[in-house]
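The following note sets out points for discussion on the model. Each numbered point takes up one topic.

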Amino acid sequence: MSARAVADFASQASDANDDPLTRATTRHRHPSTERRARYGQRGLSPRHAIRVVALFLSAAGRADLPRRRPKISNQDRRFRSVTSTAQHPRTGTGSVIPRADLFGNPERTTPSISPDGRWLAWVAPHEGVLNVWVRPVGTDDDAWPVTADRDRGVREYMWAPDSDHLLYLRDQGGDENSHLYAVSMRSGEVRDLTPFDGVKAVLLAHDLQITDRVLVGLNNTTPQLHDVYELHVATGDLVKVLDNPGYLGFVADSQLNVRAGVLPNQDGGRTIMVREVDGEWRPVLTVDPIDAPSTVPLGFDGDGRRLLVKTSADVNATRLVWIDVDSGEREVVVEDPTYDVDSVLTDAATKLPVMVSFQRDRLHTQALVPEIKRDLDTLAALDDGDLHIDSADRANTTWVVSFVHADGPTASYVYDRTTSQARFLFHDRPCLADRLKDVKPFSFTARDGLEINGYLTFPAGTAEKLPTVLLVHGGPRWRDTWQLNPEAQWLADRGYLCIQVNFRGSTGYGKAFTAAGNREWGAKMHHDLLDAITFAVNAGYTDPDRIGIYGGSYGGYAALAGAAFTPEVFRCAISLCGPSNLETLLRSIPPYWTPMIAEMYTAVGNPDTEPGLLRERSPLLHAGNITIPMMIVQGANDPRVPQSESDQIVAALQDNGVPHEYLLFDDEGHGLVKPENRLKFYAWAEQFLAEHLGGQYEPESA
């Protein structure tokens, strides 16, 4: 609720993004609720132009008995159902949750209140496409759409500080070169505020007390760097205020003056720099590579003398500290011995932190001042879900809050802090109420003694000898959390045990755990996944002969690695936007990731100095070991994992006679956004899984 740079220094993205290789679903947060520093992301989601390039599926589900299936064109996109002699797919019409309920558009989502407290906004379908709707606060008047997108939809937005405009980002076909748009509440006019081809716009900072302008970043001068511009929302005037000297990102003070930045160091570490009145920069904190991912400046206090920073410097778990910009002295605000500080809420007027959260098995929210504790106690009696503060008005008297559930829809309320009264707004997917399965945290000890955590979602009925799908999260600097994961519920509903693992390299458990994944792609990170399966088999939950692996981005890589390195463990694999060759992946990054390349090399490996390591860990170079049926899914416009990563593994599968299916979406990027594409993919995926693992599926025509 204070002016601050959005904490996404690597990709300079204004939404809740994760690391370069990710698939996790984003949630809208109030712009002043701090989000974990991440390298970038787009949520799984998708329309016309599915191009199925190569479809092979053997009768026995193995490569030694190939049977060619017809090629599917854009004009003929029906799923050709093929039964298997090894497993017998079971249709579940009338008993399974429809795919549209899980993966179609939500009914309403991401509510927020305008800074002046007069308006509520949210995202909901308009003519089948997600758009922003508004209505006055405190009424049941009919809402109306203020955007009219007819393509990929508006998924995240924010109120401009003037309360007269809404701002949102939109790209073309998933290319992530987002433009910043403004829509007028008065006239309904929609304007492209950054109409520059091939340029990625990001919202850098705003302050609710400064109503006429915001700061944006544009890489229109140098593709690798985002310069800082002052944007006057009402007029659209853009004025450059800073040429980027090579920084990952910036933080503004309460007057929207750029006062801090993050400098990437050649060794993969980071230095937080502060800017003097004369424009000179000087360092206030330098951290080693192990602390770089967690070190994120959030904002200044009211007089600009202290900088609020998340960092794991000198400790294991990321904590929240104040840094005196003159002396460099640090004052700890809050910390946990085990878990990283996740989100931070600051007061719009005082610029002081008032609430933090830690992502444990469940989200733990902690008040930092007594009045916020009273609010949290009141809200805790309202709902037993995990509490998120989605937005607040300028006076900080009215909040929009959401309660997240792993086994049900998210419930949103308007909360009046002066009266301690909450008014229910809506559930995002009310059709899922009372239909979902419990999500159970679990832990096990990896083969080298490291404790690993995750979540199990069981199907209805028996919990013994179940067909199982290992659902691997993206990032990998990300983590699974206790929240509604439509994919986990989909798998459980179709009869599978779904295993989600926060393998080493995941975030939230301290820097040592995250750093334990450095240069361990396809090695110890993969061993953690295998050890999770061993745990489930030994517990009697999993049938060892019916295990599949599925994931997107890094999870897609993990699926390819499972097939290439340990094909004896898995019956089938699905890779969505998964890199197949780590050398080619690291040499084809988007230009605006260049400043953080040393951090990427620390995590994955350096193609210039460690080509042997990367080749050893690249599934493409071990494709001759793949014998299990594969499904490869790719967005043609993906800037993070280029189409060539999927093309080359598909070519190898085809050359080796491995049964495979390739779904190429011409109008998608890193993940699937359009509902029609998303639903098409899940229709194919659940029949693929049913054929090889024996679960249920909903007929595509249902």
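1. Helix 6. The model is a predicted one. Among the buried residues are Tyr554, Tyr557 and Leu560, together with several glycines and alanines, including Gly555, Gly556, Ala558 and Ala559.

2. Confidence. The average pLDDT of the protein is 88, and 86% of the residues score at least 70. Residues 1-86, however, have a pLDDT below 50, although this stretch makes 364 contacts in the model beyond near neighbours in sequence. Where pLDDT is low, the predicted coordinates should not be read in detail.

3. Aromatic pairs. The model has 25 aromatic pairs. In one of them, the ring centres of Phe442 and Phe444 are 5.8 Å apart and the planes lie at 25°; the pair is stacked because that angle is under 30 degrees. Both Phe442 and Phe444 are buried. A second pair, Phe503 with Tyr554, has ring centres 5.4 Å apart and planes at 35°, so this pair is tilted. Phe503 lies in the loop between strand 33 (497-502) and helix 4 (511-515), whereas Tyr554 belongs to helix 6, so the pair ties together parts that are 51 residues apart in sequence. Phe503 is buried, with a relative accessible area of 0%, and Tyr554 also counts as buried, at 2% relative accessibility.

4. Other aromatic arrangements. One aromatic cluster is formed by Phe103, Trp490, Tyr550, Phe681 and Tyr682. Two arginines also sit over rings: the charged end of Arg259 is 4.6 Å from the centre of the Phe300 ring, and Arg306 lies over the face of Trp322 at 4.2 Å from the ring centre.

5. Asp531. Which side chain joins that of Asp531 in a polar contact of 2.8 Å? The partner is Arg447. Asp531 is located in helix 5 (residues 524-538) and is buried, with a relative accessible area of 10%. Leaving aside residues up to four places away in sequence, Asp531 touches Phe444, Ala446 and Arg447. Phe444 is also a member of the stacked pair with Phe442.

6. Pro283. This residue belongs to strand 18 (residues 281-287). The C-alpha atoms of Pro283 and Met273 are separated by 4.3 Å, with the two residues 10 residues apart along the chain. Beyond residues up to four places away in sequence, Pro283 touches Thr271, Ile272 and Met273.

7. Backbone geometry. Most residues other than glycine have a negative phi, and most peptide bonds are trans. The peptide bond from Gly475 to Pro476 is cis, with omega near 0°, and Pro476 lies in the loop between strand 32 (466-472) and helix 3 (486-493). Asn396 has a positive phi, near 60°, and is placed in the loop between strand 26 (386-392) and strand 27 (398-404). Asp434 likewise has a positive phi, of about 65°, and is found in the loop between strand 29 (421-427) and strand 30 (439-445). Are these two residues buried or exposed? Asn396 counts as buried at 9% relative accessibility, whereas Asp434 counts as exposed at 82%.

Technical notes. Residues numbered from 1 in each chain as written. Predicted model: local features only at pLDDT ≥ 70, side-chain atom pairs only at ≥ 80, totals over all residues. Heavy atoms only, no water. Buried < 20%, exposed > 50% of the residue type's maximum accessible area, 1.4 Å probe, protein only. Helix = DSSP H or I, 4+ residues; strand = E, 2+ residues; numbered from the N terminus. Polar contact = N/O pair within 3.5 Å; in protein donor to acceptor, adjacent residues only side chain to side chain. Contact = heavy atoms within 4.5 Å. Phe/Tyr/Trp six-rings, centres within 6.5 Å; stacked < 30°, edge-to-face > 60°. Lys NZ or Arg CZ within 6 Å of the ring centre and 35° of its normal. pLDDT = per-residue confidence, 0-100.
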